[in-house]
Amino acid sequence: VDLPAAMESMRAKQVFAGAPYTLSDMSADAIGLLDHLGIERAHMVGASMGGMIVQTIAIEHPTRTRSLVSIMSSIGDLDYGKPAPEAMQVLLTPPPTDREGYIAASERSLIFQSKKYGDAAAGRERAAAAYDRSFYPEGAPRQLSAVYASGDRSALLPELDVPTLVIHGRDDTLISPSGGMRTAELIPGANLLLVGDMGHDMPEPLWPVIVDAILSHTAHAA
């Protein structure tokens with residue numbers, strides 16, 4: 001499969017129909033964890049693919065969703081949140097398999113991070129920790145397949161009745177801000193926070209802004 005071409009096609013869901021799991025499976029995993037912990041309802045917060053997962057939880061498990069926060073994410077409609085070609089190229093380039101090469105290659109992701117706060121050294125530290133925790137290069141394409149196999153949530157998001165906050169970085173070139181803007185447009189009553197100097201990341205200098213927004217949102221949720 002020509003992956004970049006497939007992702008630009010409205011037939012992407014069919015292209016990825018053989019994906020081993022979907023966002024619905026990941027959502028069910030989260031609900032299973034709540035069941036195990038004895039938690040009836042929770043505030044659902046997710047970033048990037050996590051944002052897509054929490055959207056899916058709100059759609060498929062509304063009685064378990066106390067509030068929704070979707071960060072630097074999109075809705076599955078390929079007309080919104082389009083990546084810049086150079087950002088997609090980084091995402092689709094397989095990482096080196098050796099530890100040092102993997103750590104060095106982490107600097108590629110600066111292309112879609114905050115222009116002001118992008119931090120190569122911090123990225124290398126995260127890459128080292130990720131490699132040592134579990135180097136499994138097959139995981140990323142499987143997750144990408146799950147995203148595209150799950151399709152478009154545009155017709156389902158307007159049916160939500162849940163307090164929603166959408167956060168997106170103005171510098172994001174991996175999932176462009178139109179993804180977050182469209183998410184907020186579709187969900188009734190959703191609030192949208194577009195953050196300056198934030199890319200497809202959450203730089204530490206912006207944590208107070210992001211955390212305060214989430215705390216304020218959840219404090220007012222039923």
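Modeller: Let's start with Ile 59, which lies in helix H4, residues 49-60. Keep in mind that this is a predicted model.

Colleague: Why is Ile 59 called partly exposed?

Modeller: Its relative accessible area is 21%. Buried means under 20% and exposed means over 50%, so Ile 59 counts as partly exposed.

Colleague: What makes Arg 64 and Glu 40 a salt bridge?

Modeller: The closest N and O atoms of Arg 64 and Glu 40 are 3.9 Å apart. The cut-off is within 4 Å, so the pair counts as a salt bridge. The two sit in distant parts of the chain, 24 residues apart: Arg 64 is in the loop between H4 and strand E2, and Glu 40 in the loop between helix H3 and strand E1.

Colleague: Are those two buried or exposed?

Modeller: Arg 64 has a relative accessible area of 10%, which is under 20%, so Arg 64 is buried. Glu 40 has 53%, which is over 50%, so Glu 40 counts as exposed.

Colleague: How do you know that Arg 99 and Asp 132 form a salt bridge?

Modeller: Their N to O distance is 2.9 Å, and within 4 Å is what the label asks for, so they qualify. This pair links helix H6, which holds Arg 99, to helix H7, which holds Asp 132.

Colleague: And why is Met 202 called partly exposed?

Modeller: Met 202 has 33% relative accessibility, between the 20% and 50% limits, so the label is partly exposed. Met 202 also belongs to a nonpolar surface patch with Trp 207, Val 211 and Leu 215.

Definitions and conventions
Residues are numbered from 1 along each chain as its sequence is written. This is a predicted model: local features need pLDDT of at least 70, side-chain atom pairs count only at pLDDT 80 or more; totals for chains, interfaces and linings use all residues. Side-chain values use heavy atoms; hydrogens and water are left out. Patches are made of residues with over 30% relative accessible area and no salt bridge: like charges are joined within 9 Å, nonpolar side chains (Val, Leu, Ile, Met, Phe, Trp, Tyr) within 5 Å. Accessible areas come from the Shrake-Rupley method with a 1.4 Å probe; for residues, only the protein chains shown count as cover. A salt bridge is a side-chain nitrogen of Lys or Arg within 4 Å of a carboxyl oxygen of Asp or Glu. Buried means under 20% relative accessible area, exposed over 50%, partly exposed in between (1.4 Å probe, protein chains only). Helices (H or I, at least four residues) and strands (E, at least two) are DSSP runs, numbered from the N terminus.
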